[in-house]
Amino acid sequence: MQLTGAQALIKSLEMQGVDVMFGLPGGAILPVYDPIIDSSIRHILVRHEQGAGHMAEGYAMVTGKPGVAMVTSGPGATNIVTPLANAYMDSTPLIVVSGQVATGSIGTDAFQECDITGVTMGITKHNWLIKDVDDIPRVVAAAFHVATTGRPGPVLIDFPKDIANATMEWYWPTSVDDLDLPGYRPVTYGDPALVRQAAELIRAAQRPVLYVGGGVLKARAAEALRALAERTGIPVVTTLMARGAFPDSHPQCLGMPGMHGHYTAVTAMQRSDLLISLGARFDDRVTGKISAFAPEAKIIHVDIDPAELGKVRAADVGIAGDCRLVIEELLSAMDAHGEAPEAPDLAPWWEQIHKWQEQFPLYYDHSEGGAIKPQMVVEQLRDAAPSDAIVVAGVGQHQMWASQYWQFDYPYTWVNSGGAGTMGFAVPASIGAKVGRPDRTVWAIDGDGCFQMTAQELVTATAEQIPVKIAILNNAYLGMVRQWQEMFYEERYSEVYLSPDLPDYVKWAEAMGCVGIRAESPEDVGPAIEKANSIDDRPVVVDFRTDAFEKVYPMVAAGQSNDDIVVHPDQEAQAR
Amino acid sequence: MTPANLSAIQGGKTGKPRHHILSVLVENKAGVLSRVAGLFSRRGFNIYSLAVAPTDENEHFSRITIVVDVESAPLEQVIMQLDKLVNVVSIGELSPSEAVERELLLVTVDVGPTERSQVIQLVGVFGGEVVSVGADRLTVMLAGRPEKIDDFEGLLEQYTVVELQRTGRVALPKLDRH
């Protein structure tokens, strides 16, 4: 069967099981948009290429399937650089196809030419520039294989216009051996000897903590994790990338660690004698000052990426392997050993943990009257939503409040930009999430600063009938920066004020075909949420006018030890 | 890099070697050198020298020999990060004591009538070769162990060196005699 390169590309995507892609056409990618008309793949036309990338990420994060985005050359391709960098930091499988000028024009500074494989080399797991039409099926299959196996990540396929127009005899690679990837061998099982050593350390620990990262979700290991946690009775913390990997409602869950983590999660790690790190990477936002982090803890570090072992903190036992497989190996190693009568009793450790939980729960000032507290909005959104609703956040204060005050009881219900901290992520990512899980309620909890960066994608949502719900915690500031300026720059506020009513978010929402709702006082919050939840035929935007000076607590200041965690001033006063 | 710097990299006369040699087999594909070099700069690792050429008849693979300043980053991290590059097929780590290393030097020297024979004699002693002769200049070539090249380069300092180019070292593991 003879196909054009463009047809072969679309057919290859179909062969990979792609059912939806996000994109925006242009000159160089034009030939590929013709066979899309005849394809089974749903194409969602975005308003800006960054939106396509974040939508594909949101889709991938809730479905576990790779997200696919297509853009044209030059500025089309550079506009999707941020999503690639974001997906690289958060290990999200993302396939970007970018148009490129014809092979004969590459290097001549042709119209809309950009060396996008060069630009994205450091922020993709791998990228390809297709120079031979016969390579298309093999490269597409290789791209999906690389993006979805081992430590997942973004890949880019650069697709010159003349290759799209050339013809080839169709084939489809039937095995991994046909993909021409001699240097790509992702690890799977952990080394059994190391797994036994890890089991020994776990058996001997008196103050252990399971430090659970996003790798557990990537490995679809939530069930295995629960078995391990319940078998051992060890407390669990879930990082910002792992919220939902272990139910917040479970008595062993201590919540989120890190800069704005739960006091108990942060402190239990600090005082622990064994950290069992599963798919986490000792990020600076979790460890605080690394030399002062968990000083007495031995480290078991399980990660599918061998380069993470010892990158930040030396591991006593470092196991390269898939989290689900390694947890299962650990459980069998424990079974083989039988019940260890000499295993230390964790009761004193739990007693200490419960004291911390009682003394320093999450706290904000609930006092009546005045402005809407952003935390209260998150609590009311949570209480009015189904327990399996998907929550999406941008980056900043609202993201921390969402992570702190939502109750995540199911995996793949939390979508946010962790490592890269990409403002503007929430609106497009929520659209992608809703496309991936149309059966679920999808709430984006966004900041006013973030919303203004990518709000135009709500036009896409309306046009494509994707009924997402957006809650703007509108404090009229770039709130997290404002908080830092208040705390560390003597309240010298530099370039952080945005205004509560410029733009008018309700009018803006309506202009984009959404329902716009405003809540200006605490009494408005409940009815606004109720109304938003009653609408399911179009996107809804709720403008919550929140207390501009509310700060995120607890907080570990950048570069400080986690021992110096700062709680809310009211709690501080009470503790004294 | 002056010989003094070089000797620092090699640990001077007494210290332990502070460089390591990585012999990296890569797919011979467009951009692969850029991927390797980009990784080093992105992760803050220092390359001391680098040599690259195809290694098989069909030119499917190339071998990149990289001398890494191990003080810039733990060698393990360098290797692990390199290994993640999809085009990197295998990485051999060669400690200087377990490897044969060679390097090639081309150097052009200003020579007056008296110096010409001195330089030719020196080249002869080191087993080098005069590869180009001008009216008042010579270009000579020397291949050998890097330390030998260092010595030769040091001895040339008394003459006026016009241009000097070293290839960076290439290396393979020493063979087992047993």
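**Figure 1. Confidence of the predicted complex and of chain B.** The predictor assigns the complex an ipTM of 0.90 and a pTM of 0.94. For chain B the mean pLDDT is 87, and 89% of its residues reach 70 or more. Residues 1–15 of chain B have a pLDDT below 50. Beyond near neighbours in sequence, this stretch of chain B has 15 contacts in the model.

**Figure 2. The contact between chain B and chain A.** Chain B contributes 16 residues to this contact, and chain A contributes 15 residues. On the side of chain B that touches chain A, helix H2 (32–42), helix H3 (75–83) and strand S4 of chain B each supply at least two residues. By class, this side of chain B holds 5 nonpolar, 6 polar and 5 charged residues.

**Figure 3. The two domains of chain B and their contact.** Domain 1 of chain B covers residues 18–94, and domain 2 of chain B covers residues 100–173. Their C-alpha centres are 28 Å apart. The contact draws 9 residues from domain 1 of chain B and 7 residues from domain 2 of chain B. On the side of domain 1 that touches domain 2, at least two residues come from each of strand S1 (19–27), strand S2 (47–54), strand S3 (61–69) and strand S4 (88–94) of chain B. S2(B) gives the most to this side, with 3 residues. The side of domain 1 of chain B that touches domain 2 of chain B is made up of 5 nonpolar and 4 polar residues, with no charged residues.

**Figure 4. Domains of chain A, with the contact of domain 2 and domain 3.** Chain A is divided into domain 1 (2–179), domain 2 (192–359) and domain 3 (374–552). The centres of domain 2 and domain 3 of chain A, taken over C-alpha atoms, are separated by 31 Å. Domain 2 of chain A brings 12 residues to the contact, and domain 3 of chain A brings 14 residues. The side of domain 2 of chain A that touches domain 3 of chain A has 7 nonpolar, 3 polar and 2 charged residues.

**Figure 5. Packing of helix H9 (residues 192–204) and helix H14 (residues 323–337) of chain A.** The two axes come within 9 Å and cross at roughly 65°, which means that H9(A) is roughly perpendicular to H14(A). The crossing of H9(A) past H14(A) is right-handed. From H9(A), the contact is made by A:Pro192, A:Val195, A:Arg196, A:Ala198 and A:Ala199. From H14(A), the contact is made by A:Val326, A:Glu329, A:Leu330, A:Ala333, A:Met334 and A:His337. The residues of the contact of H9(A) with H14(A) divide into 8 nonpolar, 1 polar and 2 charged.

**Figure 6. Packing of helix H16 (residues 374–384) and helix H17 (residues 397–405) of chain A.** The axes lie 9 Å apart, and the helices pack at an angle of about 45°, so H16(A) is oblique to H17(A). H16(A) passes H17(A) in a right-handed crossing. A:Pro374, A:Gln375, A:Val378, A:Glu379 and A:Arg382 make the contact from H16(A). A:His398, A:Trp401, A:Ala402 and A:Tyr405 make the contact from H17(A). By class, the contact of H16(A) with H17(A) has 5 nonpolar, 2 polar and 2 charged residues.

**Figure 7. Cis peptide bonds at A:Pro503 and A:Pro554.** The peptide bond from A:Leu502 to A:Pro503 is cis, with omega near 5°. A:Pro503 sits in the loop between helix H21 (479–488) and helix H22 (505–511) of chain A. A:Tyr553 and A:Pro554 are joined by a cis peptide bond with omega about -5°. A:Pro554 belongs to the loop between strand S20 (540–545) and helix H24 (569–575) of chain A.

**Figure 8. Positive phi at A:Ser91.** A:Ser91 is a residue other than glycine, and its phi is near 55°, a positive value. The loop that holds A:Ser91 runs between helix H5 (81–89) and strand S5 (94–100) of chain A.

Definitions and conventions:
Residues are numbered from 1 along each chain as its sequence is written. Chains are lettered from A and ligands numbered from 1 in the order in which they are written. This is a predicted model: local features need pLDDT of at least 70, side-chain atom pairs count only at pLDDT 80 or more; totals for chains, interfaces and linings use all residues. Domain bounds come from an automatic or database domain assignment. Helices (H or I, at least four residues) and strands (E, at least two) are DSSP runs, numbered from the N terminus. Ala, Val, Leu, Ile, Met, Phe, Trp, Tyr, Cys and Pro count as nonpolar, Asp, Glu, Lys and Arg as charged, and the others, Gly among them, as polar. Axes are lines fitted to C-alpha atoms, for helices over the stretch in contact, and angles run from 0 to 180 degrees between N-to-C directions. Angles under 35 degrees count as roughly parallel, over 145 as roughly antiparallel, 65 to 115 as roughly perpendicular and the rest as oblique. A crossing is left-handed if the near helix is turned anticlockwise from the far one by less than a right angle, and right-handed if clockwise. pLDDT is the predictor's confidence in each residue, from 0 to 100.
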